Amino acid sequence: MKYSGLMLALLFSCLLGFPAVAHDYHASITDVKYNGRTQSLEVAVRVFTDDLENALSQRTKSKVVYQANSEKTNLYLANYLQANLAFELTKGKPLKYKFVGSEEEADAVWIYLEVPVQQAQLAQLYVKNAIFTEIFGDQMNIVNVNYKSKTESVMLQRGEETRKISF
């Protein structure tokens, strides 16, 4: 399913605009921006803190409480993302990326990555976002990719975790 960036932004701002004490919906947003100067993708992922703690706790089989400056938390986050978030220029060849860090904002966590692409032009980008789909059947992962001032948006969910975006 392809959606306009504005429609997805409105949907997501509504979803994340309410307190997540016990939210009835499960969503994440991933903003990807191509930086031509550094030939890299700058990635920001926003997730609910309680969902993140739940996923990390299940994965590590121990209680995880998010702490932005914790080496242990950052290692858990980086490992989780390696398994559930991927970017490919050529199908089947995931790009390596660098975990930059994370920060907490109210009831959400922003996670930052940098993905070197080593190309001045992008014809396409395959995006896999399976964040939290292993624990929530209704998980919606909205991905906005900005390339040369144009934004393409897709929604990924269980059963459809990967999409090709053409430029």
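Visitor: Let's start with the overview. How many helices and strands are there in the protein chain?

Guide: Since this is a predicted model, we're reading computed features throughout. The chain has 3 helices and 11 strands. Going from the N terminus, the elements run β-α-β-β-α-α-β-β-β-β-β-β-β-β.

Visitor: And what share of the residues count as buried?

Guide: Of the 167 residues, 50% count as buried. Taking contacts between residues at least 6 apart in sequence, 61% join residues at least 24 apart.

Visitor: Now the helices. At what angle do helix α2 and helix α3 pack?

Guide: Helix α2 covers residues 49-60 and helix α3 covers residues 71-84; they pack at about 85 degrees, and their axes are 11 Å apart. An angle from 65 to 115 degrees counts as roughly perpendicular, so that is how α2 sits relative to α3.

Visitor: Which residues make the contact?

Guide: From α2 you have L52, A55, L56, R59 and T60, and from α3 there are Y76, L77, N79, Y80 and A83. By type, the residues of this contact split into 7 nonpolar, 2 polar and 1 charged.

Visitor: What does α3 lie across?

Guide: It lies across strands β4 and β8 (124-129), running at about 45 degrees to β4.

Visitor: While we're on α3, is T73 buried or exposed?

Guide: T73, which is found in helix α3, is buried, with a relative accessible area of 4%. Setting aside residues up to four places away in sequence, T73 touches V65, Y66 and Q67.

Visitor: On to the strands. How should I read strand pairing?

Guide: The general idea is that strands of a sheet pair through backbone hydrogen bonds, in either a parallel or an antiparallel way. Here, strand β3 (residues 40-48) and strand β7 (residues 108-116) pair in the antiparallel sense over 9 bridges.

Visitor: How many bridges join strand β6 to β7?

Guide: There are 7 bridges between β6 (residues 98-105) and β7, and the two run antiparallel. In that pair, F99 stands opposite L113 in β7.

Visitor: What else does F99 touch?

Guide: F99 lies in strand β6. Not counting residues up to four places away in sequence, its contacts are N74, L77, A78, I111, Y112 and L113.

Visitor: What is the strand order in the open sheet of 4 strands?

Guide: The order is β5-β4-β8-β11, with antiparallel pairing. β5 (93-94) and β11 (162-166) are at the edges with a single partner strand each, so one side of each has no neighbour in the sheet. Strand β4 (residues 85-90) is joined to β5 by 2 bridges, and E88 stands opposite P94 in β5.

Visitor: Which residues touch the most other members of the largest nonpolar core?

Guide: Those are L41, F87 and F132, in a core of 38 residues. Take F87: leaving aside neighbours within four places in sequence, its contacts are V32, L41, V43, K93, P94, L95, Y97, V115, L125, Y126 and V127. There is also a second, separate core of 5 residues, which includes A27, M140, I142 and M155.

Visitor: Last one: how do I read phi?

Guide: As a rule, most residues other than glycine have a negative phi. So the exceptions are worth a look. A106 isn't a glycine, yet its phi is positive, about 55 degrees. A106 is in the turn of the hairpin formed by β6 and β7, which have 2 residues between them.

Visitor: Is A106 buried or exposed?

Guide: A106 counts as exposed, at 75% relative accessibility.

Visitor: And where is Q118 found?

Guide: Q118 is found in the loop between β7 and β8. Phi of Q118 is near 50 degrees, again a positive value in a residue other than glycine. At 63% relative accessibility, Q118 counts as exposed.

Conventions: Residues numbered from 1 in each chain as written. Predicted model: local features only at pLDDT ≥ 70, side-chain atom pairs only at ≥ 80, totals over all residues. Heavy atoms only, no water. Axes fitted to C-alpha atoms, helices over the stretch in contact; angles between N-to-C directions. Parallel < 35°, antiparallel > 145°, perpendicular 65-115°, else oblique. Contact = heavy atoms within 4.5 Å. Nonpolar A, V, L, I, M, F, W, Y, C, P; charged D, E, K, R; others polar. Pairing = 2+ DSSP bridges. Core = buried A, V, L, I, M, F, W, Y, C linked by side-chain atoms within 4.5 Å. Buried < 20%, exposed > 50% of the residue type's maximum accessible area, 1.4 Å probe, protein only.
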